[in-house]
Amino acid sequence: MSQPTDLKASFGALRLVGIAAFASMMSMRACDSILPLLAREFEVSAGSAAQTISAFSIAYGALQFFYGPLGDRLGKLRVMSVAVALCALANLLIALSPSLELMSLGRALAGAGGAGIIPLSIALVGDSVDYGRRQEVLSRLMIVTISGLIAGQWLGGLMAEWAGWRALFFGLAVVFLIIALPMQWACRREQRPSLPMAGQPQPGMGGQIRRLLRLRWARRVLAVVALEGGFAFATISFIPVYLHQAFGLSIGWAGAVMALFGVGGLAYAVCSKALIHRLGERGMALVGGCTTGIAMGLVAFGPRWEWAAVGCLVGGGGLYMLHNTLQANASQMLPQIRGTSVSMFAACFFIGQSLGVAIEAWAIDLGSVRDIFTVAMVALPVLGWWFGQGLRVRDDWQRSDANASALSP
C-alpha cells in the first residue's frame, strides 16, 4: 500500500498532530464539569447552560460533511492546520464572552474547528495501517485523545474553580495558537495528494455520501455510533451536575469523578492488544456495551458518590472498548474515500450526542436527572449486542454490496 503524502511529514509535524488531537478533545469536554459555574454566572439553569455542549457537538457533527471530502482532495494534514487556527480564535472568543449566547456561538466555532482534527487523524491511520493491526494502532491514538478528555473534564474543572472558567479557555486558545503556527509551516513542505482515477470526473461531496450510504454495513455502523453518542457520551456529560446536586461534591471533585471514564479508557488502551486477541470484535462490542450499562446503573443507584466513581472507572474501559471497535470498522467502510467515510462516522456520532444532550437537558430541568442514567443502563447493552450481531454478517453484506456495485451501470 502506498503511503499518502500526509504521512511523509516530519516527526515534528506528526507530533503536532498528536498535540492538536489532545487539545481538541480537551476543548470538546471543557464545559462538562463547569456547567454549575456557567449557570451561576449567567443566571440560568444547568439545562440551559448545557447549550454550550450541544452547540459544540452540532457544529462538530455538521462540519464533518465538509472536512472529510476536503481532506481527501487537498490533504488531511493541510486541512487540519486550518482547523487548528480556527480553534485558537474560537476559544479566545469564548474566554471574552459577556453572555451565554455569545459563549455558545464561540463553542459552535470551536466545534467547527475541532471537526477537522481527530476524524482526519483516524483516516490517516486507516490510510497507513493494515486492518488486522488497525484497532491496536487506533487504541494508541486513543491514549492521546482520552488524555485530552481527562484534562478537559478534570483539570478543566479544577482550573475553572481556582482561576475562573475564562482562564481555562484563554489557556486553550494559547495552546491551539502555538500548534497552528508550526503546523502551517510544516504543511508548506507537503505536496497535495493525487486524486484517484486522475483525469476522470470525480463525484462531488453529495455523490460520495450517497455512495457510502448505499452500503448496508456502513448504515449499521453509522446508526450504532449515533445511538452511542446519545446514550453514552451525552449522558456522561451530566455526571458532574448529578454528583454536585445529589451529593454536594465541589465542581473540581465532580469533574475528577467523571474523568475516571477517561482513566478507564486509558486502561483499556494499554491492554487493548490482549483484549482484542482474546475477545475478538464481537466480544469487544458485547462486553463493552454491557460494562458501560452496568456503570450507568452504579451512577444512577449508588447510595454514595464513591459508587459513581467505580462506575466511571469501569465504564470508561467498556465504553472505549465499544467505541474503538466502531472506529476500526468506520475506517474500512469505504477505503476509496476514507476521509469522507470517517467524517460521516464522526458526524453521526456528534449529531447523536447533541440530540442526546438536548433531550437529557430537558429531562434534567424537569427534575429527572437519575432517569437519564437508568435509560442508558438498559440501552447500552442492547446496542452492543446489536452491533455484535451485525459483525456476524458484515463480510457477507460487504461482498453482496460489492457485487451489486459492480453490476450497476
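Helix axes here are lines fitted to C-alpha atoms over the stretch in contact, and angles run from 0 to 180 degrees between N-to-C directions. Helices (H or I, at least four residues) and strands (E, at least two) are DSSP runs, numbered from the N terminus.

This is a predicted model, where local features need pLDDT of at least 70 and side-chain atom pairs count only at pLDDT 80 or more, while totals for chains, interfaces and linings use all residues. Residues are numbered from 1 along each chain as its sequence is written, and side-chain values use heavy atoms, with hydrogens and water left out.

Now for the fold: the protein chain has 16 helices and zero strands. Of its 409 residues, 58% are buried (under 20% relative accessible area, with exposed over 50% and partly exposed in between, using a 1.4 Å probe and protein chains only). Take the contacts (heavy atoms within 4.5 Å) with a separation of 6 or more: 85% of them join residues 24 or more positions apart. Carbon and sulfur atoms hold 66% of the accessible surface, which is about 16,500 Å² (Shrake-Rupley, 1.4 Å probe).

| α4 | 51-74 | including I53, F65 and D72 |
| α15 | 338-365 | including R338, F350 and V357 |

The axes of α4 and α15 lie 8 Å apart at about 170°, so the two helices are roughly antiparallel (over 145 degrees). Their contact has twelve nonpolar, ten polar and two charged residues.

Elsewhere, V310 sits in helix α14 (residues 305-330) and is partly exposed at 46% relative accessible area. Its C-alpha atom is 7.7 Å from that of A295, 15 residues apart along the chain.

Definitions and conventions
Angles under 35 degrees count as roughly parallel, over 145 as roughly antiparallel, 65 to 115 as roughly perpendicular and the rest as oblique. Ala, Val, Leu, Ile, Met, Phe, Trp, Tyr, Cys and Pro count as nonpolar, Asp, Glu, Lys and Arg as charged, and the others, Gly among them, as polar.
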